[in-house]
Amino acid sequence: MANLCALAAGIVSTASVSRTYAGQVTEAPRPVSHRPSVVDRIKEVGKHRVAFSVEFYPPRDEAAEARLWRAARVFEPLRPAFVSCTYGAGGSTRDRTVRVVRELAQETTLLPVAHMTAVGHSVAELRALVGAFADCGITNMLALRGDPQGGVHNEWIKHPDGLGYAVDLVELIRGLGDFHVGVASFPEGHPRALDVEHDTANLIAKLRAGAEYSITQMFFDVDDYLRLRDRVVAADPELGAKPIIPGLMPITSLRTVRRQVELSGSQIPPTLLERLTAAAGDGPQESRDEVRKIGIELATDMSTRLLAEGVPCLHFCTLNFAKATSEVLSNLGVTVPV
């Protein structure tokens, strides 16, 4: 019964292969993507207009779910190259991630990308999760090591029957069928990396294992992105040709952005933090309108420069809100196609 979803989506071939699903080896069709890959979609969209994508979070309650769907309906007519759905720290949102990605695939024209993390999962569970996505037509996945509960700075503990690194997850997914896999990259270097050279080597390993592109952790200094791109090209020009998609978050609240950088390990440049702090004011409630003006202006300026530097796509962390990202896109000339 599970494969009816995939068959309805029109992405499964008639050739059968052995697949481990929920810990048991069964005969199942190997998925063949008639949905485009992220890279193909970016190339197609980029021929005619600015290619962009958006990131959603799995909702925690009904109100949050309604907000996600309002945002999805705002972005859908703008025709993003793809949309992604994150996976909670410690693997905490697995079921909700699967459901949201499935519904995005079935109920919209959007191309969904499912985040997958190694943290907290056995190999059998990861295989089952790939199968769950494939059964509903999801063939684009973002393979992440994942953060432990509480954020990137907490201790990362490998599952006794799991995987230790994102490169292992890339290899696992690629070995299970005809899937398109992306990975994360870190303009400032991953917080757990020894240095940026070590971090760059890790990214190269993931690309060499079969990742087709990377999406960066959010950043607020374009030069950090450009230095990352230069390091990858210098290390391996062929792999450096694979898209490195910059991750951007239009700032609308000082409190929110501080929480996001705390969880992710990224940094707010001191001069920007001073501007945001001054705009927020000293009162019990921050002046969000003033903070928001700076955030929209910054995201627009960063996007403009990144596009001038030839980035293939802009990826926006939306926190399931559409307004701020829509304003930035409007500033860039992205409107509903006629």
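Predicted model: local features only at pLDDT ≥ 70, side-chain atom pairs only at ≥ 80, totals over all residues.
Biologist: How are α5 and α6 oriented to each other?

Modeller: The axes of α5, residues 123-135, and α6, residues 166-176, come within 10 Å and cross at roughly 50°. Angles from 65 to 115 degrees count as roughly perpendicular and those under 35 as roughly parallel. The two helices α5 and α6 are therefore oblique.

Biologist: How many charged residues does the contact of α5 with α6 have?

Modeller: On α5 the contact is made by Val123, Leu126, Arg127 and Val130, and on α6 by Leu169, Leu172, Ile173 and Leu176. By class there are 7 nonpolar and no polar residues. The charged count is 1.

Biologist: Is the crossing of α7 and α8 left-handed or right-handed?

Modeller: Helix α7 spans residues 196-208 and helix α8 spans residues 222-235, and their axes come within 10 Å, crossing at roughly 65°. The crossing of α7 and α8 is right-handed.

Biologist: Which residues of α8 make the contact with α7?

Modeller: From α7, the contact takes in Val196, Thr200, Leu203, Ile204 and Leu207. By class, the contact of α7 with α8 has 7 nonpolar, 1 polar and 1 charged residues. On the α8 side, the residues are Leu228, Arg231, Val232 and Ala235.

Biologist: How many residues in the lining of the second largest pocket are charged?

Modeller: This pocket has a volume of about 220 Å³. Its lining consists of Arg41, Glu44, Val45, His48, Arg49, Glu76, Arg79, Pro80, Thr109 and Leu110. The lining residues divide into 3 nonpolar and 2 polar, with the charged ones numbering 5.

Notes
Residues numbered from 1 in each chain as written. Heavy atoms only, no water. Axes fitted to C-alpha atoms, helices over the stretch in contact; angles between N-to-C directions. Helix = DSSP H or I, 4+ residues; strand = E, 2+ residues; numbered from the N terminus. Parallel < 35°, antiparallel > 145°, perpendicular 65-115°, else oblique. Contact = heavy atoms within 4.5 Å. Nonpolar A, V, L, I, M, F, W, Y, C, P; charged D, E, K, R; others polar. 1 Å grid on protein atoms, 1.4 Å probe; cavity = no way out; pocket = protein on both sides within 12 Å on 5 of 7 lines; lining within 4 Å. Points joined across faces, edges and corners; volume = space filled by probe spheres on them. Left-handed = near helix turned anticlockwise from the far one by under 90°.
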